[in-house]
Amino acid sequence: MIIKVIGEGCKDCDKLYENVTEAVNELNLDAKVEKVEDLIEIVKLGVMTSPSVMVDGKLVVSGNVASVKNLVKILKKEM
């Protein structure tokens with residue numbers, strides 16, 4: 001599983017990255033968590049709002065800082 005946290009390095013983006021990492025650890029997932037902060041890469045991914053989260057190329061969070069609890073639910077669906 002490849003999880004991308006997408007945003008230009010703002011405070012909300014950093015918090016979402018922390019929440020994603022915590023959710024991955026809570027679920028004991030074998031996942032690679034990446035930060036995508038380069039504007040050109042963000043555009044290539046087709047993401048228009050940040051912060052966002054992609055799981056294996058599928059946008060699952062857009063424009064908000066999802067809680068750890070919500071991320072656990074989302075990641076369980078994507079497993």
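The largest cavity holds about 40 Å³ of space, a cavity being a set of points, on a 1 Å grid over the protein atoms alone, where a 1.4 Å probe fits but cannot get out. Its volume is the space filled by probe spheres set on the points, which are joined across faces, edges and corners. The structure is a predicted model, in which local features need pLDDT of at least 70 and side-chain atom pairs count only at pLDDT 80 or more, whereas totals for chains, interfaces and linings use all residues. Residues are numbered from 1 along each chain as its sequence is written, and side-chain values use heavy atoms, with hydrogens and water left out.

A search of the whole structure returned one cavity of 30 Å³ or more. The largest cavity is lined by Val5, Ile6, Gly7, Gly9, Cys13, Asp14, Lys35 and Glu37, lining residues being those with an atom within 4 Å of a point. Three of these residues are nonpolar, two are polar and three are charged; in this scheme Ala, Val, Leu, Ile, Met, Phe, Trp, Tyr, Cys and Pro count as nonpolar, Asp, Glu, Lys and Arg as charged, and the others, Gly among them, as polar. Strand E1 and helix H1 each contribute at least two residues to the lining. Helices (H or I, at least four residues) and strands (E, at least two) are DSSP runs numbered from the N terminus.

In an unreviewed entry, UniProt lists Cys10 and Cys13 under "active site". Of this set, Cys13 belongs to the lining of the largest cavity. Cys10 is placed in the loop between strand E1 (2-6) and H1, while Cys13 lies in helix H1 itself. Cys10 counts as partly exposed because its relative accessibility is 34%, and Cys13 counts as buried because its value is 4%. Buried denotes under 20% relative accessible area, exposed over 50%, and partly exposed the range in between (1.4 Å probe, protein chains only). The structure contains zero disulfides, a disulfide being a pair of cysteine sulfur atoms within 2.5 Å.

Residues up to four places away in sequence not being counted, Cys13 touches Val5, Gly7, Glu8 and Pro51, where contact means heavy atoms within 4.5 Å. The peptide bond from Ser50 to Pro51 is cis, with omega near 0°.

Helix H1 (residues 11-27) also includes Asn19. Asn19 is buried because its relative accessible area is 7%. With residues up to four places away in sequence again excluded, Asn19 touches Val65, Ala66, Ser67, Val68 and Leu71.

Positive phi angles were computed for two loop residues described here. Asn28, although not a glycine, has a positive phi of about 55° and is placed in the loop between H1 and strand E2 (32-36). Asn28 counts as exposed because its relative accessibility is 69%. Asp56, likewise not a glycine, has a positive phi of about 50° and lies in the loop between E3 and strand E4 (58-62). With a relative accessible area of 52%, Asp56 is exposed.

Definitions and conventions:
UniProt positions renumbered as here; feature names shortened; annotations may be inferred. 1 Å grid on protein atoms, 1.4 Å probe; cavity = no way out; pocket = protein on both sides within 12 Å on 5 of 7 lines; lining within 4 Å.
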